[in-house]
Amino acid sequence: MRWVDTEAICVGRRRLSGADRLVTLLAPDLGRVMAVARGDCLPRNRQGGALEPFGVSRVVLLPTRGGGLFRVDTAERVRHFPNLTSDLTRCQAAGLICAWARGLSREGEASGPYRLLASALALLDEGEPVLPLVAGFLWRMSGELGVAPDLSACAGCRLPGPHEMLRIDPGGAVCGACRKPGDLPVPPPCGPALAVLLAGADAPLPVLSDQTARPLISLAQAYLRGHFGVGLP
Ligand SMILES: [Zn+2]
């Protein structure tokens with residue numbers, strides 16, 4: 001593979017020996033990739049803070065011998081989200097959605113998940129309510145990954161919905177008669193909100209109370225873990 005010049009969001013990083021850092025990047029055409037940033041831990045590093053979390057950067061990546069890992073040649077921040085680092089709650093929410101983006105992404109084309117993450121970080125920075133935004137991000141991520149539940153009819157008997165249970169595999173609503181162990185209950189006020197959240201990644205987020213958004217976040221996390229296994233946030 002040749003060098004690549006791409007936009008990317010840093011979704012994880014850890015220190016290597018010396019002043020080097022290993023960063024996990026999400027890029028629209030590459031998906032999740034790992035890259036070594038030489039000297040990134042030095043106070044005046046050549047990346048100039050472009051690989052700090054929660055911002056959009058333009059990076060030039062060079063393949064390393066053996067493949068599978070890149071080296072950061074240059075990095076430049078192209079979009080700052082200053083409010084994310086100055087507000088603890090927003091910072092935590094940004095950390096959570098980046099961790100989920102990291103856990104759910106793979107190498108390969110990922111323009112949908114990338115767009116969703118960039119848009120969620122921008123909305124968090126602009127002051128949108130935090131919990132509805134996290135709920136929207138997680139449920140829309142299920143759509144981008146092709147596992148959004150079908151809420152229109154029961155996955156067992158096809159009785160038209162809405163229903164108050166969710167089955168992880170195949171993703172869908174289930175009626176009381178078809179309920180099995182392992183199905184996830186959808187708290188009553190959350191059903192209609194979930195349907196709106198799943199309506200489309202580009203639709204505006206519905207206005208949700210924190211009381212509705214909080215169980216939708218827990219439900220999304222259980223649902224995504226059920227699909228994609230352990231090792232997730
Ligand atoms: Zn049924």
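This is a predicted model: local features need pLDDT of at least 70, side-chain atom pairs count only at pLDDT 80 or more; totals for chains, interfaces and linings use all residues.

User: How many bridges join β6 to β7?
Analyst: Three bridges join β6 to β7, and the two strands run antiparallel. Two strands pair if DSSP finds at least two bridges between them. Residues are numbered from 1 along each chain as its sequence is written.

User: Thanks! In what order do the strands of that open sheet come?
Analyst: The order is β7-β6-β8, three strands with antiparallel pairing. β7 (172-174) and β8 stand at the edges with a single partner strand each, so one side of each has no neighbour in the sheet.

User: And what holds strands of a sheet together in general?
Analyst: Strands of a sheet pair through backbone hydrogen bonds, either parallel or antiparallel.

User: Zooming out, how many helices and strands does the chain have?
Analyst: The chain has six helices and eight strands. Both are DSSP runs numbered from the N terminus: helices are H or I with at least four residues, strands are E with at least two. Along the sequence the pattern reads β-β-β-β-β-α-α-α-α-β-β-β-α-α.

User: How does its radius of gyration sit against the globule rule?
Analyst: The radius of gyration is 19 Å, close to the 17 Å that the rule gives for 233 residues, so the chain is as compact as a globular protein of that length. That radius is taken over C-alpha atoms, and the rule is 2.2 Å times the number of residues to the power 0.38. The C-alpha atoms fill a box of roughly 60 × 40 × 30 Å along the principal axes.

User: What share of the residues counts as buried?
Analyst: 35% of the 233 residues. A residue is buried if 20 or more other C-beta atoms lie within 10 Å of its own, exposed if 12 or fewer, and partly exposed in between, with C-beta atoms placed from the backbone.

User: Where are the domain limits?
Analyst: Domain 1 covers 4-81 and domain 2 covers 83-228. Those bounds come from an automatic or database domain assignment. The C-alpha centres of the two domains lie 28 Å apart.

User: How many residues are in contact across the two domains?
Analyst: 16 residues of domain 1 are in contact with 21 residues of domain 2. Two residues are in contact if their C-beta atoms, placed from the backbone, lie within 7 Å. On the domain 1 side, β1, β2 (21-27) and β3 (31-37) each supply at least two residues. The residues on that side divide into 11 nonpolar, three polar and two charged. Here Ala, Val, Leu, Ile, Met, Phe, Trp, Tyr, Cys and Pro count as nonpolar, Asp, Glu, Lys and Arg as charged, and the others, Gly among them, as polar.

User: Is β2 largely enclosed or open?
Analyst: Largely enclosed, because five of its seven residues are buried. β2 pairs with β1 in the antiparallel sense over six bridges, and R14 has L22 in β2 as its bridge partner. β1 and β2 form a hairpin with five residues between them, where G18 in the turn has a positive phi of about 65 degrees. Seven bridges join β2 to β3, also running antiparallel, and that hairpin has three residues between its strands.

User: Which strand does β4 pair with over eight bridges?
Analyst: Strand β5 (residues 70-79), in the antiparallel sense. R58 has E76 in β5 as its bridge partner. β4 (residues 56-63) is also joined to β1 (residues 4-15) by six bridges, with D5 opposite V60 in β4.

User: Switching to helices, which residues of α6 are buried?
Analyst: T212, A213, L216, I217, L219, A220, Y223 and L224. The buried residues pack against α2 (88-104), α4 (130-144), β6 (165-167), β8 (184-185) and α5 (190-197).

User: What span should α6 have?
Analyst: At 1.5 Å a residue, its 19 residues (210-228) should span 27 Å, and the end C-alpha atoms are 26 Å apart, which agrees. The expected span is 1.5 Å times one less than the number of residues.

User: Last one: which residues does N83 touch?
Analyst: Leaving out residues up to four places away in sequence, N83 touches R90, D125 and G127. N83 is in helix α1 (residues 82-86), and it counts as partly exposed because it has 15 C-beta neighbours inside 10 Å.
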